[in-house]
Amino acid sequence: MTGRPPWRPLARTAASPSAAQSESGFHATSMQDILREAGLSAGAVYRYFRSKEELIAAIADEAFSAIRGAFDDAARTTPPPTPDVLLGRVLRVMLEEQVPGGDRQAFARLIVQVWTETLRNEQLAATLDEGYVGMRQAWSKLVDAYRDNGLMVADVPADHVARTLIATAQGFIAQQALFGDVQVEVLEDGLRALMSMGDPKIS
C-alpha cells in the first residue's frame, strides 16, 4: 500500500471538543461520525483503517514511536538529560508540539478515553500493551545510561525506575485531561525539587 495514512486529520477530529465522542463517549462514536466531522471520504480512509480501533491504534503507535525515539536519543547522550528535562521534553512533544488542533486538554482526554477503551477492546489493549513494554525497555536503557554516568545508584531495578517515570507522565496527562491548563513547567519544577532531596542526616 502506497501513500501516507491520513491519520492526523482524523486524530484532530477525534481530539476535537466538538467531536461526537465528547457528547456520547468514545465507545459510542462510530467511524462514520469521525469521517463526517473530519470531512474525509470513506474511500480515502478505509484504504488504511478498516475500523475506528485501527485508527486509534495507529495514533497510539505514532505516539509510542515518538516517545521511544526521544528516550533512545537521550540514552545515547553523554551525560543523559535528567528526568525533569527529559519528561518535560517528551510531554511537550505529546501535548504541545504535535497536538492535533492545538487543544491540549481535548487531546489528553482522548488519551484517557483510549486507556479506558482498552478494558473492553482486546485489539486496542494489545496495541497499548506492546507500546508499554517498548517504553519500559527504552526507559530502562536510559536508567542504565544514568548509572554508567554516575548519576543514579544501582540498588533499584531499572524496570522499577522506568515504571515510575511512566507513571509520572501518565499522571500528568490525567491532570491535563481532568483539570486543563497544566503547564509542563510545573512538572519540571516539581521533579527538580524532588531530585534535590538528599538522605536525611540523623542527629
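This is a predicted model: local features need pLDDT of at least 70, side-chain atom pairs count only at pLDDT 80 or more; totals for chains, interfaces and linings use all residues.
**Exercise 1.** State how many helices and strands the protein chain has, and give their order along the sequence.

Solution. Start with the count: the protein chain has ten helices and zero strands. Then read along the sequence, which gives the pattern α-α-α-α-α-α-α-α-α-α.

**Exercise 2.** Find the share of contacts with a separation of 6 or more that join residues 24 or more positions apart, then describe the accessible surface of the protein chain.

Solution. Take the contacts in the protein chain with a separation of 6 or more; residues 24 or more positions apart account for 66% of them. Next, take the surface: the accessible area of the protein chain is about 11100 Å². Carbon and sulfur atoms hold 53% of that surface.

**Exercise 3.** Compare the span of helix H9 with the span expected at 1.5 Å a residue, and determine how its buried residues are placed around the axis.

Solution. Helix H9 covers residues 158-179, which is 22 residues. From first C-alpha to last, H9 reaches 32 Å, close to the 32 Å expected. Now list the residues of H9 under 20% relative accessible area: Ala158, Val161, Ala162, Leu165, Ile166, Ala169, Phe172, Ile173, Gln176 and Ala177. Viewed down the axis of H9, these buried residues fall within an arc of 165°, so they line one face of the helix.

**Exercise 4.** Identify the exposed residues on the face of H9 turned away from its buried side, and give the phi of Gly180.

Solution. The face turned away from the buried side of H9 carries the exposed residues Leu178 and Phe179. Just after H9 comes Gly180, with a positive phi of about 70°.

Terms used. Residues are numbered from 1 along each chain as its sequence is written. Side-chain values use heavy atoms; hydrogens and water are left out. Helices (H or I, at least four residues) and strands (E, at least two) are DSSP runs, numbered from the N terminus. Contact means heavy atoms within 4.5 Å. Accessible areas come from the Shrake-Rupley method with a 1.4 Å probe; for residues, only the protein chains shown count as cover. The expected span of a helix is 1.5 Å times one less than its number of residues. Buried means under 20% relative accessible area, exposed over 50%, partly exposed in between (1.4 Å probe, protein chains only). The arc is that of the directions from the helix axis to the C-beta atoms.
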